[in-house]
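User: Could you take a close look at the aromatic rings in this model for me? I would like to know how they pair up and where the pairs sit.

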Amino acid sequence: MIYAELKNIKTYKGINKNLDKAIDFIAEKKYMNASFGKNIIEGDTIYFNYPEKPMTRENIDLDLEYHKKYIDIHIVLEGEESIAYTPFEDCIETKSYNVEEDYGLVKGKAQAELILNGKNFLLFFPEEPHLALLKVNTPKEIKKIIFKVEL
């Protein structure tokens, strides 16, 4: 997991060639005029989702998700959200991993909650369970994008 300021995102180049391309795309702010839905950068290798009206919510017995194929990069464009993280080994699987959709669900006690507010980003590597769209103070509609980068 990487939690850092957007202005420093290029610091994380060199981990993976696909991630380098996504980082360049983000650093150049090419996502700013995106359409709602799936936005292709490089086929199914690098793309980002721009949900139309995501709402933050309270974490009341919600499951965390994990991936095996893709890195997730969460960026809030307007508003703020909290994202919970729990190490995989401290979780119990509640929905088996689905290869086609690249996700599974787990239960676990949040060991970190990080706030995204437009100045920062949060990157999750495969098998790092996370729960997005959690409220900071009260539930609100936000604007955010989620990059999917094949590892």
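Analyst: Happy to. One cut-off first: a residue counts as buried under 20% relative accessible area, as exposed over 50%, and as partly exposed in between. Tyr-12, with a relative accessible area of 25%, is therefore partly exposed. Please keep in mind that this is a predicted model.

Now to the rings themselves. With ring centres required to lie within 6.5 Å, the count comes to 10 aromatic pairs. One of them joins Tyr-12 to Phe-121, edge-to-face, with 6.1 Å from centre to centre and 75° between the planes. Tyr-12 belongs to the loop between strand 1 (2-5) and helix 1 (17-27), while Phe-121 is in strand 10 (residues 120-124), so this contact ties together parts that are 109 residues apart in sequence. Phe-121 is buried, at a relative accessible area of 1%.

Another pair is formed by Phe-36 and Tyr-50: their centres are 4.7 Å apart and their planes meet at 45°, so the arrangement is tilted. Here too distant parts of the chain are linked, as Phe-36 lies in the loop between helix 1 and strand 2 (37-42), and Tyr-50, 14 residues away, in strand 3 (residues 46-50). Phe-36 is partly exposed at 42% relative accessibility, whereas Tyr-50 is buried at 10%.

There is also a cluster to look at: Phe-25, Tyr-31, Phe-48 and Phe-147 form one aromatic group.

Finally, two tyrosines have a lysine over the ring. The charged end of Lys-38 sits over Tyr-47, 4.2 Å from the ring centre, and Lys-68 lies over the face of Tyr-97, at 4.9 Å from its centre.

Key:
Residues are numbered from 1 along each chain as its sequence is written. This is a predicted model: local features need pLDDT of at least 70, side-chain atom pairs count only at pLDDT 80 or more; totals for chains, interfaces and linings use all residues. Side-chain values use heavy atoms; hydrogens and water are left out. Rings of Phe, Tyr and Trp (its six-membered ring) pair if their centres lie within 6.5 Å; planes under 30 degrees apart count as stacked, over 60 as edge-to-face and the rest as tilted. Helices (H or I, at least four residues) and strands (E, at least two) are DSSP runs, numbered from the N terminus. Buried means under 20% relative accessible area, exposed over 50%, partly exposed in between (1.4 Å probe, protein chains only). A charge sits over a ring if NZ of Lys or CZ of Arg is within 6 Å of the ring centre and within 35 degrees of the ring normal.
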